[in-house]
Amino acid sequence: MNESHGKDRAALHDEFMAVWGNPSGWRALTIVNHTAIGIRFMVTGGVFFLIGGLMAMLMRTQLALPEQTLIAPKLYDQLFTMHGTVMMFLFAVPILEGMALYLVPKMLGARDLLFPRLSAFGYFCYLFGSLILMSSLVLGIAPAAGWFMYTPLSNAVYSPGPSADFWLLGVTFIEISAVSAGVELVVSILRSRTSGMGLLHMPLYCWYILVMALMIVFGFPPLILGSILLELERSAGMPFFDVARGGDSILWQHLFWLFGHPEVYIIFLPAAGIVSTLLPVFARRSIVAYQWIVLAVIATGFISFGLWVHHMFAIGIPKLAQAFFSMASMLIAIPTGIQIFAWLATLWTGRPVYHVPMLWLVGFLIIFVAGGLTGVMLALVPFNWQVHDTHFVVAHMHYVLFGGMLFPVIAGLYYWLPHFSGRMPSDKLARWGFWLTFIGFNTTFLVMHLTGLLGMPRRVYTYPAGLGWDLPNSLSSIGGFITAMGIAMVLLDIALHFRFGRPAGTNPWQADTLEWATDIPPEPYNFISLPAYPMRHPLWDQPDLQATVAEGRHTLPEIEHGRRETWGSDAVTGRVRDIIHLPGNSWLPFYAALALSVLCISLLIRTYSLALVAVGVSLVLLLRWSWINGAHPLAAPDAEVMPGYPPLHSRTFDSPGLWGMVVTLLADGALFLSLLFGWLYLWTVAPHWQVPETAPLAWMPLLISGALLTVAVICYIRVVQRLREGLDSHLRGWLWGISVLGLLHCGMLIWVWADSTLVPTQTAHDAVISVMLMNQLFHSGLAVIMTVLQAWRVACGYVGKAAPYELAVVEPWWFYTVVIFWVSFAAIVLLPIAWGGA
Amino acid sequence: MPIGIIFFLGGCSGPQSSLDPAGPSALAIAGLWWGMFGFFTLVLVAVTALWLYAMWRKPKSYTEGQTRRIYHQWIVGGGLILPIITIAVLIGFGIPLGYRMLPLPMEEPPLRIDVTGHQWWWEVRYPESGAVAKNELHLPAGVPVDIHVTSSDVIHSFWVPRLAGKIDMIPGHINILRIQADAPGRFRGQCAEFCGKGHARMVLAVEAHTPEAFKAWLEAHQHE
């Protein structure tokens with residue numbers, strides 16, 4: 001595998017480009033390559049950062065002096081709502097994801113991410129969702145209930161009209177992109193590392209991204225569920241959050257912050273990953289305490305799910321819970337402290353050199369440590385009671401997010417700029433940019449702590465003179481404008497460098513990680529041959545790696561077969577197990593995202609017939625997408641590989657598709673658990689919770705429906721097991737039989753529902769049960785559709801003994817479907833009996 | 001530190017300043033703030049100084065073993081011991097302090113005042129005497145008072161910074177906040193949870209009276 005290919009670089013490059021090349025013109029919309037998609041994410045995110053920043057400047061202008069009337073209250077409310085929403089959902093998460101999508105495969109020594117069409121789909125969902133959301137601002141009907149959308153303020157009574165719907169639908173649409181990037185990154189990091197790269201050889205950045213991606217997988221579903229429930233309340237009158245009909249507005253706060261707190265670390269971790277990547281390069285030594293940092297990152301991920309209640313200390317929660325969440329919130333200081341001191345020790349024992357990115361890292365450290373310390377203060381309950389919802393929190397949060405996220409991102413931007421463009425930025429402009437931003441930022445937000453302590457609440461469009469708030473507010477506004485100049489300077493620097501920057505050459509910073517072994521700027525295939533070393537600093541150990549990679553002297557340099565290929569490796573050891581063949585460019589992601597945005601718009605304007613059509617079209621497109629896979633003529637009809645090579649992934653049972661399915665189901669499970677949490681929460685806490693006299697569902701037919709489903713799943717598992725043993729007789733018949741069983745189960749379930757006494761608009765009790773039934777029907781229905789398609793594919797010869805992987809991919813879905821059925825059954829039928837009620 | 005200078009230049013007083021406490025809860029929290037502020041400023045300065053020194057000092061060569069010893073010391077000292085001690089001290093002080101602010105049962109139950117939030121005004125009722133007021137809260141100085149809060153529409157938050165921390169006013173729920181003004185005087189309260197267009201103007205005028213004056217006020221406002 002390791003000998004030279006005997007061709008020159010240019011010829012190899014041409015051959016690879018014939019397979020990997022990106023089309024131009026309109027067909028650029030079909031590009032699925034991670035480099036292109038990553039850059040799109042980053043550029044789009046950058047544009048939204050400027051829009052969000054502009055809104056901030058408008059607000060700072062309004063608040064510069066007391067009793068100003070430049071901006072009316074209604075517009076001001078829209079501005080702060082949209083500023084938060086844009087910065088969180090349209091800027092921070094996408095730009096960090098874009099960076100990860102761009103960098104991760106290169107750092108892992110892979111040619112692309114494992115679900116390239118999903119990357120493209122995620123981007124278009126993000127773009128269209130953002131455009132829909134931003135259009136509300138242009139139309140003057142932007143959401144104005146705050147980025148946290150607390151009910152009842154955001155419900156149909158207090159936020160009439162479509163403004164809140166824009167938020168709920170738009171953000172949910174954008175979250176599809178976040179979750180799909182999350183799934184894709186997890187699977188790619190675990191399954192596509194180059195030959196021999198064990199988990200502990202992985203660049204630290206990839207560890208950070210792995211944890212971030214898993215946090216997205218678990219953290220976003222509670223908000224997706226909350227948004228769906230609130231949208232159902234607004235448009236269909238199902239009272240999940242309406243206290244009079246048995247709901248509770250506090251449930252929204254729990255769901256929101258179950259997402260909202262991990263979100264902060266979802267944003268911070270990738271930025272800290274940038275710090276851990278850059279610092280050793282500029283300290284000219286490997287990072288110290290690699291294992292400590294990995295542990296700290298994982299611990300951060302876990303702890304961050306246990307402290308959402310610290311956003312809710314003022315709602316009057318029990319004192320024991322307050323002590324617990326206070327402590328949990330402070331515990332996060334430990335893994336953060338470990339990272340900071342590991343960075344410090346790296347600098348201490350290294351030979352630091354000074355470049356512009358280092359300047360931003362120093363700025364990061366100072367601002368972030370300050371923000372972390374005020375965070376510990378805020379975790380202390382009595383202090384929190386005083387400063388919660390004041391400008392103190394605004395200051396704290398900007399120290400954490402601006403300092404903890406934006407500063408490292410700009411450091412990273414400068415660091416990878418030569419990688420994006422092949423040119424170096426200017427030192428002088430960059431220094432101006434840094435100092436203006438640093439000074440401006442601290443002027444704005446250091447003073448703002450005081451403003452908050454002096455009693456100024458958040459989210460007020462103006463304030464009277466004479467409360468001591470005038471001077472600090474003026475200072476904050478001036479600081480804001482200085483910051484804006486600093487950011488403008490950075491942008492100017494970047495714009496100019498494309499023309500005037502000096503060529504970067506190869507590896508301009510003398511970095512150690514594999515992304516610098518690609519061409520600069522990189523070609524779509526990343527590497528002609530995949531370097532296979534079990535080492536942490538490939539470029540320090542092999543300074544000529546870039547040349548030998550491009551000459552095809554490493555592994556997997558074959559391209560004659562015309563497939564896009566990369567190594568599929570063991571999740572832990574990195575030992576090669578299969579060759580993953582990747583799909584090429586496709587219109588499907590673009591069309592599918594387009595169909596979903598039609599769905600989103602039709603829900604906004606409440607044209608449900610159009611919505612139904614859009615659902616149908618989206619489904620057909622997504623199924624078509626899944627159709628072009630495995631042994632399909634457009635995927636990999638020919639399973640031939642070089643002698644001595646492992647098989648193609650579609651000819652195995654353990655494909656990335658299976659991993660993708662399992663990770664998706666983790667997200668799905670988080671959504672279901674959130675729903676279950678909502679059910680139990682309302683049952684125990686809602687002040688006017690009502691349980692009907694008689695059970696709303698007939699339990700006997702429900703039981704039969706569940707039995708049918710269980711039999712279907714057992715049969716399915718048996719089918720896959722037989723396939724593993726090499727038996728595929730009557731495969732098609734079995735699949736048809738399972739589909740019929742599943743269909744009967746669905747029919748029975750619909751019958752039970754139609755026959756029930758549920759009135760979902762009357763009580764929260766009935767509304768939650770209805771959502772559980774909807775959830776079940778969605779999963780059962782999709783299981784049937786997928787199984788029918790598999791039977792059809794068996795007939796076409798795409799699935800069978802030789803290409804079994806798709807059946808193994810569908811298996812966990814069936815399994816999940818039966819698990820949620822019985823859990824739902826226990827929750828809505830058995831729990832009330834056990835409770836001694838109905 | 002610049003923040004310190006600003007504090008002393010700008011002053012901490014103001015009709016709504018939490019740093020100008022006029023009741024036991026606000027006083028305790030202000031004390032907590034100054035303690036944390038002092039200690040954390042030290043931590044920030046120390047970490048920044050170490051970092052800058054590490055960057056600018058003359059590099060030294062370390063063996064593998066020395067490096068390991070250095071980072072173990074740093075990580076254990078700065079990443080484990082420092083935060084754990086800080087957390088223990090903060091929790092040890094802060095949680096009991098917060099506990100004492102809660103409306104715990106007292107031998108003689110304190111005066112109860114019901115405050116209901118509306119978009120965008122405060123409805124104040126004195127259940128014992130039947131007195132009613134709008135956008136103003138009168139209370140006797142020198143004794144604890146229990147404010148029972150709820151809302152008739154969206155979520156609001158009851159907050160008089162010079163007397164105590166805030167508590168949310170949530171439809172369907174009743175929360176209790178115990179406050180006390182040490183001496184007669186006027187204070188400013190303001191809604192602290194965003195509640196819509198009029199949020200910035202939802203202000204509560206608070207006045208603490210001597211017991212006699214309070215009694216007189218109650219009598220004068222009984223049949224409004």
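Student: How far apart do the C-alpha centres of domain 1 of chain B and domain 2 of chain B lie?

Tutor: Please bear in mind that this is a predicted model. The C-alpha centres of domain 1 of chain B and domain 2 of chain B lie 35 Å apart. Domain 1 of chain B covers residues 2-101, and domain 2 of chain B covers 111-220.

Student: What makes residues of domain 1 of chain B count as in contact with residues of domain 2 of chain B?

Tutor: The criterion is that the C-beta atoms of two residues, placed from the backbone, lie within 7 Å. On that criterion, 13 residues of domain 1 of chain B are in contact with 14 residues of domain 2 of chain B. Helix α2 (residues 24-56) of chain B gives the most to the domain 1 side, namely four residues. By class, that side has seven nonpolar, five polar and one charged residues.

Student: Why is α10(A) called largely enclosed by the rest of the structure?

Tutor: A residue is buried if 20 or more other C-beta atoms lie within 10 Å of its own. Of the 17 residues of α10(A), 16 are buried, so the helix is largely enclosed by the rest of the structure. For chain A as a whole, 60% of the 838 residues count as buried.

Student: How do you know that the span of helix α10 of chain A is close to the expected one?

Tutor: Helix α10 (residues 333-349) of chain A reaches 24 Å from its first C-alpha to its last, and 24 Å is expected at 1.5 Å a residue.

Student: Which element of chain B gives the largest share of the side that touches chain A?

Tutor: The contact takes 73 residues from chain B and 72 residues from chain A. On the chain B side, the largest share, 20 residues, comes from α3(B). The residues of that side divide into 47 nonpolar, 21 polar and five charged.

Notes
Residues numbered from 1 in each chain as written. Chains lettered and ligands numbered in written order. Predicted model: local features only at pLDDT ≥ 70, side-chain atom pairs only at ≥ 80, totals over all residues. Domains from an automatic or database assignment. Helix = DSSP H or I, 4+ residues; strand = E, 2+ residues; numbered from the N terminus. Nonpolar A, V, L, I, M, F, W, Y, C, P; charged D, E, K, R; others polar. Buried ≥ 20, exposed ≤ 12 C-beta atoms within 10 Å, placed from the backbone. Expected span 1.5 Å × (residues − 1).
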